[in-house]
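Open the model in your viewer and keep the selection tool at hand. The tour moves from stop to stop; each one says what to select and what is there.

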Amino acid sequence: MDEYVKTGSKALKDVFWIFVIAFALLFMHRRPEETNTIYYTLAFPVLIFIVYYLHVRLFPLGEIQFVILTAFLTEMGLIMIYRVAPELLVKQIIWIAIGFGLYFIASYLFKHYGWLYNLKYGEYIYIFLTVGLIISTLFFGKEIGGAKNWLTFDGIYVQPAEAAKVIYIIFLARYLKDKRDLKNILILGAITIGIAGIFALEKDLGMAFLFYTTTVLMVFLVTSNLFYVASGFGLMAIGGILAYFLFWHVRVRIEAWLNPWMDVPGKTYQIVQSLFAIAAGGFFGTGLFMGHPEYIPVVASDFIFSAICEEFGILGGIAIILVYFVIMYRGIKVALEARDEFGALMAAGLISMFSLQVFTIIGGVIKFIPLTGVTLPFVSYGGSSMVMSFFTLGMLNGISVGEEEKEDVQFEAQY
């Protein structure tokens, strides 16, 4: 265990020095006008070391890798956010601190997750909460960036769909643990299509894709029935074709994906600037402040991966992707090692939706798939996405800790 902690501490120190060097260069180039910016920036590495220490003490059997990996991702996000939108830096650090707090809360709550399965009428409670959160923005939401998926409270913007993702995964795990026959799969399909339809009305294509595709993957996971998968993706293709003809914003996204050069000054400006940025970076990048990521609209949130590729190069982008792969691996490992089927399904659903989100946004900014406008977890600017991404990993950590503690109890009982 001591050697394990030492290895983690060494990796964290490497992350720390990357942060210090990068921000030293940034501060020399762009001197902060307010000393608060410097104080908050210096507080970030202190926060990471405190979180690491608390994790080792509180959850010695947990997934300490999550802390190291998210530290790297969040610091890369902070570097680029200060580079392109320095006024957002302090807010992002505060969201990260709140996120780590929720990570510990989720880790504690989900060590013993059996109550979620045993909750009376839990299945109905989870789906009503999911639909309620999603539909709330349809009636009370504010449209930002073309999608009506935000609620505002005294100037604070909240995206309810981020919380709905977690609750929906709990619903799926509860539902699919006991209901796998054709009739119940069809009912689940109808529910999922209804949720995707609500997102389509809100013009939130990214969330529609995440919820629908995660459901198809979960159904395949519990049934191993390729017919269900083929039917699910076939219906998605039909829905995509209908959406293309029914919704103007869907048509614009598809046309920009098929031919980004058709209207560079207008409809396709964003994706074209993203492609230019990635190409300009080459393998090794232009270097901090040597590129022009500020030319990309909404670069701090939707297109931060393009900015990283421009100034850190394709190799920098690959490093980010590899870190996500390690998180995915640890999440899959948690699911495989969970001896309770409900816990295994919940872990599988969480890491599936997380992985699909990473694929969706990176695939969109490199024009591999149509752009949908979700955030890059732990890297993009945004409060709702940041804190719920931490909560998701906290749930996985809690499931892992719970399984390890059960194993220790059984071992002690035997000997």
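Is F211 buried or exposed? F211 is buried, with a relative accessible area of 1%. Keep in mind throughout that this is a predicted model.

**Stop 1**

An angle under 30 degrees would count as stacked, and one over 60 as edge-to-face.

**Stop 2: the rings of α1**

The count of aromatic pairs comes to 25. Select F19 and F23 for one of them: a tilted pair, 4.6 Å centre to centre, with 40 degrees between the planes. Both residues sit in helix α1 (residues 2–29). They are four residues apart, about one turn of the helix. F19 and F23 are both buried.

Now extend the selection to F27, F44 and Y82. Together with F19 and F23, these residues form one aromatic cluster.

**Stop 3: a charge over a ring**

Select R174 and Y117. What does R174 lie over? R174 lies over the face of Y117, at 5.3 Å from the ring centre.

**Stop 4: salt bridges**

The model has eight salt bridges by count. Start with K179 and E123. Their closest N and O atoms are 2.7 Å apart. This pair links distant parts of the chain, 56 residues apart. K179 is in the loop between α7 and α8 (182–201), while E123 is in helix α6 (residues 122–140). Check the accessibility of both ends. K179 has 23% relative accessibility and counts as partly exposed. E123 is buried, with a relative accessible area of 10%. The cut-off for buried is under 20%, so E123 falls below it.

Go on to R180 and E341. Their side chains meet in a salt bridge of 2.1 Å, N to O. R180 is in the loop between α7 and α8, and E341 is in helix α14 (residues 341–365). R180 is partly exposed at a relative accessible area of 29%. E341, at 35% relative accessibility, counts as partly exposed as well.

Next, pick E337 and K333. How far apart are their closest N and O atoms? The distance is 2.8 Å, and the two residues form a salt bridge. Both lie in helix α13 (residues 304–337); being four residues apart, they are separated by about one helical turn. E337 is partly exposed, with a relative accessible area of 39%. K333 is partly exposed at 24%. Then select R83, E294 and E311: salt bridges that share partners join these residues into one network.

**Stop 5: the sheet**

Switch to a cartoon view. Three strands make an open sheet, ordered β1-β2-β3, with antiparallel pairing. Color β1 (142–144) and β3 (156–158). These strands stand at the edges, each with a single partner strand, so one side of each has no neighbour in the sheet. Neighbouring strands are turned by 50 degrees against each other on average, direction ignored.

Look at β1 and β2 (residues 147–153) together. Two bridges join these antiparallel strands. I144 stands opposite A147 in β2. Which helix packs on the sheet? Helix α6 does, touching β1 and β2. The direction of α6 makes about 85 degrees with that of β2.

**Stop 6: Q357**

Finish in helix α14, where Q357 has its place. At 3% relative accessibility, Q357 counts as buried. Show its surroundings, leaving aside neighbours within four places in sequence. Q357 is then in contact with K165, L210, V374, T375, P377 and S385.

Methods: Residues numbered from 1 in each chain as written. Predicted model: local features only at pLDDT ≥ 70, side-chain atom pairs only at ≥ 80, totals over all residues. Heavy atoms only, no water. Phe/Tyr/Trp six-rings, centres within 6.5 Å; stacked < 30°, edge-to-face > 60°. Buried < 20%, exposed > 50% of the residue type's maximum accessible area, 1.4 Å probe, protein only. Lys NZ or Arg CZ within 6 Å of the ring centre and 35° of its normal. Salt bridge = Lys/Arg side-chain N within 4 Å of Asp/Glu carboxyl O. Pairing = 2+ DSSP bridges. Axes fitted to C-alpha atoms, helices over the stretch in contact; angles between N-to-C directions. Contact = heavy atoms within 4.5 Å.
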